[in-house]
Amino acid sequence: MVANRRGRSAHAKRRLSAVLNTVRDDLRAARDRDPAAHSTSEILLYQGLHAVWMHRAAHALYVRGHRFSARLVSQVSRFLTGIEIHPGARIGRGLFIDHGMGVVIGETTEIGDDVTLYQGVTLGGTGKQGGKRHPTVGDRVIVGTGAQVLGPLVIGEDAKIGAGAIVIKDVPAETTVVGNPGRPVAISGRRVSGPELEHTRLPDPVAESLESLTRRITELEHQLGSTQGGPEAPPAPRPPTPGPEVRTPRKG
Ligand SMILES: CC(C)(COP(=O)(O)OP(=O)(O)OC[C@H]1O[C@@H](n2cnc3c(N)ncnc32)[C@H](O)[C@@H]1OP(=O)(O)O)[C@@H](O)C(=O)NCCC(=O)NCCS
């Protein structure tokens with residue numbers, strides 16, 4: 001009996017210490033990643049933190065099968081914070097939801113450690129299918145404001161998703177993705193080079209043909225002069241002249 005009580009109390013202590021460690025990690029995440037944070041007491045007011053903590057309570061109920069209570073906690077959290085996290089979502093340590101309003105995280109989402117999400121981010125599904133249908137987000141990923149990450153895709157560790165991006169395919173680790181549909185612009189800090197699209201440097205096919213014709217005529221004149229034994233030396237071929245600038249028509 002006494003041994004039983006001691007066992008329970010040791011278990012409760014271990015659980016409390018785990019909860020306190022998680023709380024400390026969440027606070028540290030906000031302090032480290034928000035340059036506007038001046039003190040811990042200020043951080044305690046952040047609704048991003050409140051949403052994460054309420055989610056941790058909701059998830060604990062969810063995994064124990066208390067689906068209604070879990071959903072109730074999550075809905076209350078949504079009402080208070082403007083952040084909707086399904087109680088089934090699995091979230092690692094140190095998640096920081098900055099500003100937060102409008103964030104939606106779906107049921108089968110998995111989020112690693114030290115991830116940062118800004119306001120308006122959706123980690124959602126693409127249809128009504130069951131099973132795993134939401135993203136898996138690696139450690140230290142940053143998802144910019146308003147980005148939509150949709151489907152059971154994988155965002156690799158240390159990836160960055162640009163503000164407003166719509167991502168529907170896997171993103172490799174350490175890759176920065178922007179735009180709609182999301183496209184990589186940097187890998188491991190190095191710019192991804194694409195085709196030359198600067199309008200003033202577009203090739204000019206008409207100028208190139210004229211240049212080639214001029215060269216050919218000069219060659220033919222030279223050959224004609226040498227077969228006729230003419231006295232005149234052929235003129236040296238002129239260096240190619242740059243083609244006329246390509247102007248793109250202005251709109252309006
Ligand atoms: C995606 C992001 C992380 C890239 O930052 P970065 O590594 O410094 O990259 P750069 O600024 O050098 O941009 C690289 C290219 O992507 C483009 N780009 C950057 N962010 C973009 C975005 N959100 N949407 C579309 N294009 C973007 C840049 O114009 C640049 O294009 P270029 O190569 O044609 O010049 C950053 O721009 C971003 O969106 N961060 C989210 C910030 C946020 O949500 N803040 C909320 C505060 S409340």
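**Before you start**

The model is predicted, and for that reason local features are given only where pLDDT is at least 70 and side-chain atom pairs count only at pLDDT 80 or more, while totals for chains, interfaces and linings use all residues. Residues are numbered from 1 along each chain as its sequence is written.

**The whole protein**

Show the protein as a cartoon, where you will find five helices and 16 strands; helices here are DSSP runs of H or I with at least four residues, strands are runs of E with at least two, and both are numbered from the N terminus. Of the 252 residues, 26% count as buried, a residue being buried if 20 or more other C-beta atoms lie within 10 Å of its own, exposed if 12 or fewer do, and partly exposed in between, with C-beta atoms placed from the backbone.

**The parallel sheet**

Next select β1, β4, β7, β10 and β13, which in that order form an open sheet with parallel pairing; two strands pair if DSSP finds at least two bridges between them. At the edges lie β1 (84–85) and β13 (166–167), each of which pairs on one side only. Zoom in on β10 (residues 148–150), which is joined to β13 in the parallel sense by two bridges, and pick glutamine 148, whose bridge partner in β13 is isoleucine 166.

**The nonpolar core**

Now show the side chains of Leu95, Ile97, Val143 and Ile161, which touch the most other members of the largest nonpolar core, a group of 39 residues. Such a core is a set of buried Ala, Val, Leu, Ile, Met, Phe, Trp, Tyr and Cys residues joined through C-beta atoms within 7 Å. Two or more of its residues come from each of α1 (2–33), α3 (47–63), α4 (67–81), β3 (96–97) and β9 (142–143), and α3 gives the largest share, six residues. Stay on isoleucine 161, which, leaving aside neighbours within four places in sequence, is in contact with Val143, Gly144, Ala147, Val149, Ile155, Val167, Val177 and Gly182; contact requires C-beta atoms, placed from the backbone, within 7 Å.

Select β12 (residues 160–161), which pairs with β14 in the parallel sense over two bridges, and look at lysine 160, whose bridge partner in β14 is threonine 176. Threonine 176 also has a bridge partner in β15, alanine 186, and valine 177 stands opposite proline 184 of β15. β14 and β15 run antiparallel and are joined by four bridges; they form a hairpin with four residues between them, and glycine 179 in the turn has a positive phi of about 85 degrees.

Continue to β16 (residues 190–191), which runs antiparallel to β15 and is joined to β15 by two bridges; isoleucine 187 has arginine 190 as its bridge partner in β16. In this second hairpin two residues lie between the strands, and serine 188 in the turn has a positive phi of about 50 degrees.

Note on methods: Contact = placed C-beta atoms within 7 Å.
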